[in-house]
Structure formats: C-alpha cells, structure tokens
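Please examine the sequence and the three-dimensional structure shown below.

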Amino acid sequence: MSRCGLQLAEEVVSETSMVAWRRREEMPAGAGLPWLLGVARNVTRGLYRDELRRAALDEALRVWAGPVRT
C-alpha cells in the first residue's frame with residue numbers, strides 16, 4: 001500500500017493471487033514469498049503501464065475531439 005495506495009494495492013493483491021494460482025506449479029520450493037513478491041512487483045508495473053496508456057489515450061481523444069461546445 002505504501003507504494004501505490006489502497007485501491008491499487010487491492011487490485012495488485014487480487015491479480016497476484018490469480019497469477020499465483022494459475023502458475024503454482026512454477027513456484028520454486030522454499031522460495032514462495034520472494035516469488036510472490038516478484039509477481040506482485042510485475043503486476044504493479046503492468047497496472048501502472050495500463051494507467052499511463054489510458055491517460056495517453058484520453059489525452060489523444062481530447063485533442064482529436066477538439067474543444068467541447070456547450
């Protein structure tokens with residue numbers, strides 16, 4: 001939570017749990033926590049990238065649409 005806030009942290013935990021469940025056969029024996037932390041780090045990076053893409057798309061659409069008329 002200290003790195004990304006409560007809302008994003010909840011999403012990271014959820015996504016990390018899904019990845020861990022799907023890839024449980026790949027988890028190294030005796031190194032579960034470091035593996036899960038690495039998955040959580042990668043999930044966090046992916047969510048930040050997604051947010052940056054959304055923001056760039058929003059901006060591009062605003063520019064493309066032009067000024068809003070009332």
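Cys4 counts as partly exposed, at 21% relative accessibility. In this report, buried means under 20% relative accessible area, exposed means over 50%, and partly exposed lies in between, computed with a 1.4 Å probe on protein chains only. The structure is a predicted model, in which local features need pLDDT of at least 70 and side-chain atom pairs count only at pLDDT 80 or more, while totals for chains, interfaces and linings use all residues. Residues are numbered from 1 along each chain as its sequence is written, and side-chain values use heavy atoms, with hydrogens and water left out.

Cys4 is placed in the segment before H1. Helices (H or I, at least four residues) and strands (E, at least two) are DSSP runs, numbered from the N terminus. Not counting residues up to four places away in sequence, Cys4 touches Ala9 and Tyr48; contact means heavy atoms within 4.5 Å. Although Cys4 and Tyr48 are 44 residues apart in sequence, their C-alpha atoms are 9.2 Å apart in space.

## How H1 and H2 cross

Two packed helices are described by the angle between their axes and the distance between the axes. The axes of H1 and H2 come within 9 Å and cross at roughly 125 degrees. Axes are lines fitted to C-alpha atoms, for helices over the stretch in contact, and angles run from 0 to 180 degrees between N-to-C directions.

The crossing of H1 and H2 is right-handed. A crossing has this name if the near helix is turned clockwise from the far one by less than a right angle, and is left-handed if the turn is anticlockwise. By class, eleven nonpolar, two polar and two charged residues form the contact of H1 with H2. Here Ala, Val, Leu, Ile, Met, Phe, Trp, Tyr, Cys and Pro count as nonpolar, Asp, Glu, Lys and Arg as charged, and the others, Gly among them, as polar.

## The nonpolar core

The largest nonpolar core has nine residues: Leu8, Val12, Val19, Ala20, Trp35, Val39, Ala40, Val43 and Leu47. Helix H1 (6-22) and helix H2 (32-65) are the elements that give two or more residues to this core. H2 gives the most, with five residues. A nonpolar core is a set of buried Ala, Val, Leu, Ile, Met, Phe, Trp, Tyr and Cys residues joined through side-chain atoms within 4.5 Å.

Thr16 lies in helix H1 and is buried, with a relative accessible area of 10%. Neighbours within four places in sequence aside, Thr16 is in contact with Leu36, Val39, Ala40 and Val43.

Ala20 is also placed in helix H1, and at 13% relative accessibility Ala20 counts as buried. With neighbours within four places in sequence left aside, Ala20 is in contact with Trp35 and Leu36.

Asp58 has its place in helix H2 and is partly exposed, with a relative accessible area of 40%. Asp58 and Met27 are 31 residues apart in sequence, and their C-alpha atoms are 38 Å apart in space.

Ala60 lies in helix H2 and counts as partly exposed at 43% relative accessibility. The C-alpha atoms of Ala60 and Pro34, 26 residues apart along the chain, are separated by 39 Å.
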